Amino acid sequence: QFLLNKKSPATELDRAYATINLALSYFLNKATPEDERKRCVEEALSSRDWSIVDAQFSFALACLREDYSKLPQQFDACVRDGIDRDSFLTWALFTKARKQDAFKLKMQEHFGITVDSDSDEPEDLKEIELPLLSGLED
């Protein structure tokens with residue numbers, strides 16, 4: 001919430017990311033009834049003007065509003081803008097979008113990955129190697 005305060009030194013881009021993250025925290029909160037979650041998501045998102053946004057923000061807004069009508073075009077644009085395979089597979093923002101047939105088709109088309117509709121994990125997820133963080137040893 002501090003970043004969203006007009007007195008914070010955050011840039012407009014920082015505030016946009018903070019707004020998306022705030023909405024995402026409501027979106028993923030399973031302890032809150034669905035209608036309340038949707039209201040909180042929309043309240044957070046409506047706090048700023050999103051009329052001129054890039055493909056990534058447009059797709060983020062659609063995912064948070066669960067509006068998948070333009071998912072194929074938005075997915076393609078995000079790939080062109082540099083969102084990679086691992087981001088589509090791991091970002092919490094895409095948790096519900098990964099269940100959409102159009103998302104699965106685009107993952108297959110762009111990355112050759114089949115996303116299992118039951119588990120939300122691609123069949124070859126085990127092949128993704130995450131780098132170890134150095135300096136965290138005991």
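In this predicted model, helix α4 passes helix α6 in a right-handed crossing. The two axes, of α4 (residues 71–80) and α6 (residues 101–111), come within 9 Å and cross at roughly 35°. On the α4 side, the residues that make the contact are Leu-71, Pro-72, Phe-75, Asp-76 and Val-79. They meet Ala-102, Phe-103, Lys-106, Met-107, Glu-109, His-110 and Phe-111 in α6. Sorted by class, this contact of α4 with α6 has 8 nonpolar, 1 polar and 3 charged residues.

Then there are the aromatic rings. The count comes to 11 aromatic pairs. Take Phe-88 and Phe-94: their ring centres are 5.2 Å apart with 35° between the planes, a tilted pair, and both residues are buried. Phe-88 also pairs with Phe-111, with centres 6.0 Å apart and planes at 50°, so this pair is tilted. Because Phe-88 lies in helix α5 (residues 85–90) and Phe-111 in helix α6, the pair ties together parts that are 23 residues apart in sequence. As for accessibility, Phe-88 has a relative accessible area of 0% and is therefore buried, while Phe-111, at 24%, counts as partly exposed. Phe-88, Phe-94 and Phe-111 belong to one aromatic cluster, together with Phe-59, Phe-75, Trp-91 and Phe-103. Of these, Phe-75 in α4 and Phe-103 in α6 also turn up in the helix contact described above.

Charged side chains come up against rings as well. The charged end of Lys-96 sits over the ring of Phe-27, 4.7 Å from its centre. Arg-48, for its part, lies over the face of Trp-50, at 5.3 Å from the ring centre.

Conventions. Residues numbered from 1 in each chain as written. Predicted model: local features only at pLDDT ≥ 70, side-chain atom pairs only at ≥ 80, totals over all residues. Heavy atoms only, no water. Axes fitted to C-alpha atoms, helices over the stretch in contact; angles between N-to-C directions. Helix = DSSP H or I, 4+ residues; strand = E, 2+ residues; numbered from the N terminus. Left-handed = near helix turned anticlockwise from the far one by under 90°. Contact = heavy atoms within 4.5 Å. Nonpolar A, V, L, I, M, F, W, Y, C, P; charged D, E, K, R; others polar. Phe/Tyr/Trp six-rings, centres within 6.5 Å; stacked < 30°, edge-to-face > 60°. Buried < 20%, exposed > 50% of the residue type's maximum accessible area, 1.4 Å probe, protein only. Lys NZ or Arg CZ within 6 Å of the ring centre and 35° of its normal.
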